[in-house]
Amino acid sequence: MRISALAIAAVLAAPAALGAQWLNYPTPGIPRLADGKPNLNAAAPRLPDGKPDLSGIWQGWGQNGLFFDLSKDLKPGDVQMTPWASGIQAQRERRDHVDDPLGFCMPPGVPRIDSVDQFKILQTPGETVFLHEAQVGMIFRQIFTDGRPLPTDPEPAWLGYSIGRWDGDTFVVDTNGLRDGGWLDTRKGHPNSDALHVTERFHRRDFGHLELAITIDDPKAYVKPWTGKTVLTLLPDTELLEAFCDTHQQTLEHRDVEPAPPEPPSPPLQSK
Amino acid sequence: MSPMLRRLTIMVAVLASTLFAAPLSAHHSFSAEFDASKPFKLTGKVTKVMWANPHTFFYIDVTDDKTGKVTNWSMEMGSPNALMRAGWTRNAMKIGDAVSVEGSLARDGSPYGNARVVILVATGQRLFAASSQGQP
């Protein structure tokens with residue numbers, strides 16, 4: 001009798017758990033504690049070639065407030081804006097970041113794309129792929145590891161162009177070709193220009209934690225490069241879910257804000 | 001342990017861990033539409049649920065205790081995925097359910113709010129709404 005009640009409960013529970021694209025499904029092959037919970041402090045996995053395996057679903061790094069202000073852990077003076085960047089940033093913050101393209105279902109750029117929602121890393125010999133389940137849609141990011149160089153005169157793109165290499169156990173991703181006037185964070189609205197070069201250094205400290213240092217090198221927007229640091233956490237026993245920004249109009253019906261004065265494009269790069 | 005029992009145990013454990021690890025939702029448009037300095041708490045009956053991206057909406061009929069006037073309020077929550085990752089299913093809240101909602105009012109003064117917490121009156125269950133304002 002007791003078993004049959006449990007059986008009914010299990011049958012009732014199953015459609016909810018299985019219906020949502022494996023939202024709750026034990027990830028095979030991950031280290032577990034005696035009670036069956038994932039052991040996030042176990043050693044980081046490695047591929048047959050000895051390199052760390054970054055595979056897994058990671059919670060975006062914006063959870064600890066860096067989504068709102070990428071410079072929040074830095075000292076004043078670490079982030080020195082040029083007059084162009086300073087003017088744009090002041091307007092964005094004064095308007096309480098209502099003009100953030102992310103709020104209009106546009107994709108975030110690099111590095112902010114890795115701060116939102118969650119993403120899966122797939123590591124193959126010539127390419128590492130980030131699959132993002134973001135509220136603004138499903139977005140893929142390609143990081144080529146086949147030895148190609150960054151483009152010298154890239155057509156600007158939301159996610160730019162990324163190449164990766166190993167520095168010991170650290171996966172170093174370089175990105176250029178980003179769109180002018182991008183947003184590095186949300187509440188502060190730190191801008192970037194089309195001259196931005198992002199370096200992301202990923203280090204899988206243990207099974208469940210991925211250390212990340214993000215260096216912003218953008219001579220049109222910042223007087224000197226600056227680096228934000230964070231740690232991403234593995235999301236075990238789940239999968240990515242479908243996400244389309246398909247009913248955004250409903251949100252916009254309630255949005256009543258004066259249009260922003262247009263932001264000026266970045267000035268030409270001064271030769272040093 | 002029978003396979004069925006084991007399956008149920010795993011399911012419960014997984015669901016529990018998901019509930020407690022509910023990710024903060026950090027959408028962006030909050031300040032464009034809502035005023036964090038205007039909190040509300042309203043109780044009403046659900047009239048419609050729109051399970052949609054990037055925000056799920058639901059509507060409740062709220063009766064004014066003094067005048068008896070009924071107003072239909074719309075409420076914004078997080079994305080369906082954020083809600084599911086916080087333990088919701090599409091059946092967590094149904095038309096006709098009585099719910100108490102806590103959140104922030106719309107800037108434009110319309111009967112519209114950003115829901116932070118939804119409480120099912122019948123069971124007292126608290127469901128966090130994956131609000132763009134962040135969770136308590």
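This is a predicted model: local features need pLDDT of at least 70, side-chain atom pairs count only at pLDDT 80 or more; totals for chains, interfaces and linings use all residues.
Local features here need pLDDT of at least 70, side-chain atom pairs count only at pLDDT 80 or more, and totals for chains, interfaces and linings use all residues. Residues are numbered from 1 along each chain as its sequence is written, chains are lettered from A and ligands numbered from 1 in the order in which they are written, and side-chain values use heavy atoms, with hydrogens and water left out.

User: Which two residues does the disulfide join?
Analyst: A disulfide is a pair of cysteine sulfur atoms within 2.5 Å. By this rule there is one disulfide over all chains. Its sulfur atoms are 1.5 Å apart, and the residues are A:Cys105 and A:Cys245.

User: How many residues apart in sequence are the parts that A:Cys105 and A:Cys245 tie together?
Analyst: Helices (H or I, at least four residues) and strands (E, at least two) are DSSP runs, numbered from the N terminus. The torsion about the S-S bond of A:Cys105 and A:Cys245 is about 45 degrees, so this disulfide is right-handed. A:Cys105 sits in the loop between helix 2 and strand 2 of chain A, and A:Cys245 in the loop between strand 11 and helix 3 of chain A, so the parts tied together are apart in sequence by 140 residues.

User: Is A:Cys105 buried or exposed?
Analyst: Buried means under 20% relative accessible area, exposed over 50%, and partly exposed in between (1.4 Å probe, protein chains only). A:Cys245, at 23%, is partly exposed. A:Cys105 has 13% relative accessibility and therefore counts as buried.

User: Where is A:Pro111, which a cis peptide bond joins to A:Val110?
Analyst: Most peptide bonds are trans. The bond between A:Val110 and A:Pro111 is cis, with omega about 10 degrees. A:Pro111 is found in the loop between helix 2 (83–94) and strand 2 (118–123) of chain A.

User: What is the relative accessible area of A:Asp237?
Analyst: A:Asp237 lies in the loop between strand 11 (226–233) and helix 3 (248–252) of chain A. Its phi is near 55 degrees, a positive value in a residue other than glycine. A:Asp237 is buried, with a relative accessible area of 10%.

User: Which residue stands opposite A:Leu232 of strand 11?
Analyst: Two strands pair if DSSP finds at least two bridges between them. Strand 10 (residues 209–217) and strand 11 of chain A pair in the antiparallel sense over eight bridges. In strand 11 A:Leu232 is among the buried residues that point to one face. Opposite A:Leu232 stands A:Leu210.
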